[in-house]
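Biologist: I would like to go through this structure with you. Can we take it question by question?

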Amino acid sequence: MLDIIFAELIIAAIITFFVGKKIASIIAGFISILPLFALIDWANNFGFKTISFGIERQMNISVAGITLHLGITPLSWFFALMILPLFPLIMLYSYSFFKENDGFYPFMLFAFASTFGILLSKDMLSLFLFWEIMSWSSFLLVYRSRDKEAIISYLIFSVFSAFAILFGLIILWHENFSLLLSDIGRINGIYGFIAIASLIIGFSVKSVLMPLHAWAPFVYSKSDEPFVAFLSGGLSKLGYYGMFLFLFTLNGVKILQNYTPNVAWNYLLAVVGSLSAFIATMLAIMQDDLRKLLAYSSIGQLGYIAIGFGIGTPLAITGALFQAFNHAFFKAVLFLAAGAVAYRTGKWKISELGGLAYRMPLTFLAALFAIFALAAIPITSGFAAKWLIYEAAIQQKYVFIAPLMLIAGVGAFLYSFRILYGVFLGENRYPDVKEAPKSMVAAMFILMLPLIIFVVFPGYMLDLMKPALSNAGIESIAHTKFAIETSLAKYNSMAVLITLIAAMIPAFIIYKARKHRITSFEDNYLAGEPYEFHNPSMHAAHNFYKPLKGVVLPYFEPGAIYYFEKIYKGIGILSNGIRRIYTGFVQDYAIYVVIFLLAVMGWLIWM
Amino acid sequence: MVVHPVLLIAIPLIAAFIIPLAKKYGSAIAAGAMAFNMGYAIGMFSYIYSNGKIYEMIAGFKPPVGIFLAVDALSAMLALLINLFAFINFIAIGKEWNYKFSMLYLLAIAGSTGIVLTGDIFNMFVFFEITAVASYALIAGKKDEKAIEGAIKYMVLGSIASIFILMGIALIYSQLKTLNIYDIATRISSMDEKIKWASFALLLTGIGVEAEIFPLNGWVPAAYQGASSGVASLLSFGPSKAAIYAIARIMMVIFPFHATYEIALYVGVVTLVIGELAAFMQEDVKRMLAYSSIGQMGLILIAFSLASQNIQNALIAAFFLIISHASAKSSLFLLSRSPSMGGAACKYTGIVGVLSIIGMPPLAGFWGKWYLMLAAINEKLWLVIMLVFFAGIVEAGYFARYLHKSMGNESKLNLRYKVAMVVMVSFTILLGLLPIAYKMASLPLWGW
């Protein structure tokens, strides 16, 4: 059955090349649900009682004379849980988003199929093969954007990431000449270190860990939103899947500490993650383009996962995986909401938007919940994840990382508020727009559901993570369905929620019972504010965080992007220099031939 | 069933000689000859696939006196490649079908096929000459300034190369008194040391000019830029592949020494890096593709040079890289005739061609690079691996720029051209999915 799912994905991808938009979106929508059946079926294997469809756990495909070994593992099941639901919902969304089928559906289906393949890979070749297919199919989706920086930076970084991963894989292959991931023994010594470092670097390109994030602002801001939602919500998790696989599942949690006794390489990973979170969050606050803001926000939020992996305690890793799960959904919802806003108003800049909550209330609601999760507002699932990571950092007494994380958390709230206020609240500048189309709203709402469920049941998330963690030898944290308990504190979301509701009820009753008093709009004491009809600056859309910008921005220029551009130009200079060898005079070329002959003869005869 | 490889060379040659007598039917005769060649090459290939090797003696003289053709897996694959693509390419470039062009085209194909099929070193030289002279004339076909400049540069360097090849052969003959490659190989140890190395250097330099290795490839940018797109495409899959085959054959059979493999590796790496870097800043599409071809030739040479220790992986890598480059680069050259990638056929060709050269699965280029990496890590050649990676990233840079720049809507290509282009590039997809190369690489090679 598994091979049928795969085959259907590929065949659907090829078919959607040729058909019109309506049929393509229907085919794509239904086909992309298929992996979910597999997901539900496999849950039985990991201790959760669900329906069984009889889908086998392993399969081997033969391509070009080689056998690829595929199968589901506990870790990949957990990551599949966060990525696979995105497939059909993004297809649902794109039903209304696109006017015609000009290449979106086929390449998205290839991207889905290859993502499914990466999660199912049990040997190095299939992991690399599917990783590359994912790279080129997402490249072709970026190519549709027609933006020069996006296309060039994405291809260069994808190829770089592919080579780094390949380098790591072939070093591991060379140890015992087996391609199976399960045959990778303890990786020791200098070669093992190089392999792991290379793999981490390769995977970090996809998970936008600084400084390899340079492609993200360009690509996220210029490509189609449904694809960006998948890229940021889904594909970036694959980088962390790879990292977790090679760091923890195959080698044990202490791997980064094994190489040199005095240098804590895991601390380096955590520091890089925290700097990534901090710098990206600061940069996100400054952005005016909504998509770029969400891009930097992604970079920042994904940095938390690296912090968790770096700290390495069970608490931290649990928090990291929880954060990964949350990020998939809230970032997808946010990009889809941004797409819905652009679909209706045609505008990207926050300074040009405003007041859309009145006209697009459902979009606003979805974005609001997503922002609650992003900013880690207490009792949302985002809070549970970040709280676990904070606890872990505090437990390990990391005095550099914990404050950076906290400042980044505050920063996340700052830019979240900017999104809410600048786009949805404030002065209503678009009185005529309609709500987003139904399919888009439906997709956003369904994606929002996990964020709400885990508000109340954070413990359930830890149950879902258990197979993956125990497979890696990481013990689970004490928890019940509603509460998580660590050695420092106990977080019981149900208790907080009930308290919150219990406090709201009297307030609500009072609000309804008493007569309302009308006051003047300008009464500051009762939360009013001066009202000016004709001064657009009151909407406070431009230069929203000007004081912060003035203080902070000089320290962040020049950034990684500047240095990558320098490298690009440097290669250009090198290239121009090399071209001078080809002088254009055939006499020179003839001399080269003679010089070569003499050199080769000399080398051979006298060596 | 007896297979006569000599027909693959004889039929195009005879057709080329007939064409001036029947000028009006020139293109038809040529198309017929190439169709025959294509069919026969496919037949020979499937014969080799199931049976191994073929030896054929010409005119009944037994070697080492007579010339003989020895066809094994590598030769058969290259013969198939050259003849198949020759036919498809010919169909595409209908505009240039005057009888002179057809004649020269047939000569170039006959020569390239002869190089890959022959077992006699002087015979190889003869075919080199035929191929080279035909190529000079074909490049100059457009008759404008750039075409003639390209042809002259190639001619000057090619003439020097011919002299060196002849000297190399003469040195071997003077010592061993034989011209048969197999015979030379068995007796190579009885050659004087210094003369042996000198003859290898001469052969490498001479054939290397045509195989586009650095620093012998000064003619490449000018020639590819000046030639028409169909001729540039021919050069990609024909003479250059035959020449790199010749280097590989000579190196693996006659001079299988550590020193020669080492030189080939260094030369290959330098060619790769310089070729890709030179391509990075090119604005003109044909020049960019020409420098990229240089880089790919370097990569193929690296693959062959790893055959000393890891014969299996290295040969599979070489197979796939040759297929990928021939198919992708030829179709990209055909594509360069159109000012921009308009329409589905052009976009598809451009994208698949670029992805194959960069090395994305399931295209043939991916397998080439994968097996190359496996072969290289076995010998712990870290610098080589790093440089191949660097070259790959540079490739991604300029190909991304090329894809971005050539986005557009117009393509002034007729249907026949587009069909040929698409068929050519489909071979990288096909051969990335079918297990042909593995079977071929495990078949016995003659001379071993």
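**Helix, patch and interface**

Modeller: Let us start with H3(A), which is mostly covered: 8 of its 10 residues are buried. Keep in mind that this is a predicted model.

Biologist: Which residues of H3(A) are buried?

Modeller: Buried means under 20% relative accessible area. In H3(A), that label goes to A:Leu34, A:Pro35, A:Leu36, A:Ala38, A:Leu39, A:Asp41, A:Trp42 and A:Ala43.

Biologist: What do the buried residues of H3(A) pack against?

Modeller: The partners are in chain A. The buried residues of H3(A) pack against helix H1 (2-15), H2, helix H4 (74-83), helix H5 (86-97) and helix H6 (104-120).

Biologist: Which helices of chain A each supply at least two residues of the nonpolar patch?

Modeller: The patch is on the surface and includes A:Ile26, A:Phe30, A:Phe37 and A:Ile40. Together its residues have about 890 Å² of accessible area. The helices that each supply at least two residues are H2 (21-31) and H3 (34-43).

Biologist: Where is A:Ile33, and is A:Ile33 buried or partly exposed?

Modeller: A:Ile33 belongs to the nonpolar patch. Its place is in the loop between H2 and H3 of chain A. The relative accessibility of A:Ile33 is 31%, so A:Ile33 counts as partly exposed.

Biologist: What does A:Ser25 touch, and is A:Ser25 buried or exposed?

Modeller: A:Ser25 lies in helix H2 of chain A. A polar atom of its side chain lies 2.9 Å from the backbone oxygen of A:Lys22. Not counting residues up to four places away in sequence, A:Ser25 touches A:Tyr95 and A:Tyr105. With a relative accessible area of 4%, A:Ser25 is buried.

Biologist: How many residue pairs are in polar contact across the interface of chain B and chain A?

Modeller: The contact takes 73 residues from chain B and 56 residues from chain A. About 6,300 Å² is buried between the two chains, and carbon and sulfur atoms give 83% of that area. The count of salt bridges between chain B and chain A is 0. For residue pairs in polar contact, both at pLDDT 80 or more, the count is 7.

Biologist: Which helix of chain B gives the most to the side that touches chain A?

Modeller: The top contributor gives 14 residues to that side. It is helix H17 (residues 382-405).

**Inside chain B**

Biologist: What does B:Ser240 contact, and is B:Ser240 buried or exposed?

Modeller: B:Ser240 is in helix H11 (residues 239-254) of chain B. A polar atom of its side chain lies 3.1 Å from the backbone oxygen of B:Ser236. Leaving aside neighbours within four places in sequence, its contacts are B:Glu210, B:Ala211, B:Glu212, B:Tyr224, B:Leu235 and B:Met297. The relative accessible area of B:Ser240 is 2%, so B:Ser240 is buried.

Biologist: How many Å apart are B:Ile184 and B:Phe255, C-alpha to C-alpha?

Modeller: B:Ile184 lies in helix H7 (residues 181-187) of chain B. B:Ile184 is buried, with a relative accessible area of 0%. Its contacts beyond four places in sequence include B:Ile121, B:Ile172 and B:Ile254. B:Ile184 and B:Phe255 are 71 residues apart in sequence, and their C-alpha distance is 9.5 Å.

Biologist: Which residue forms a salt bridge with B:Lys405?

Modeller: The closest N and O atoms are 3.3 Å apart. The pair links distant parts of the chain, 122 residues apart: B:Lys405 is in helix H17, and its partner is in the loop between helix H12 (258-280) and helix H13 (285-305). B:Lys405 is partly exposed, with a relative accessible area of 45%. The partner is B:Glu283.

Biologist: Are B:Glu395 and B:Lys369 buried or exposed?

Modeller: B:Glu395 forms a salt bridge with B:Lys369, with the closest N and O atoms 3.3 Å apart. B:Glu395 lies in helix H17 and B:Lys369 in helix H16 (residues 364-378), so the pair ties together parts that are 26 residues apart in sequence. The relative accessibility is 1% for B:Glu395 and 7% for B:Lys369. B:Glu395 counts as buried, and B:Lys369 also counts as buried.

Terms used:
Residues numbered from 1 in each chain as written. Chains lettered and ligands numbered in written order. Predicted model: local features only at pLDDT ≥ 70, side-chain atom pairs only at ≥ 80, totals over all residues. Heavy atoms only, no water. Patch = residues over 30% accessible without salt bridge, like charges linked within 9 Å, V, L, I, M, F, W, Y side chains within 5 Å. Areas by Shrake-Rupley, 256 points an atom, 1.4 Å probe, with all protein chains shown as cover. Salt bridge = Lys/Arg side-chain N within 4 Å of Asp/Glu carboxyl O. Helix = DSSP H or I, 4+ residues; strand = E, 2+ residues; numbered from the N terminus. Buried < 20%, exposed > 50% of the residue type's maximum accessible area, 1.4 Å probe, protein only. Contact = heavy atoms within 4.5 Å. Buried area = accessible area lost by both parts, 1.4 Å probe. Polar contact = N/O pair within 3.5 Å; in protein donor to acceptor, adjacent residues only side chain to side chain.
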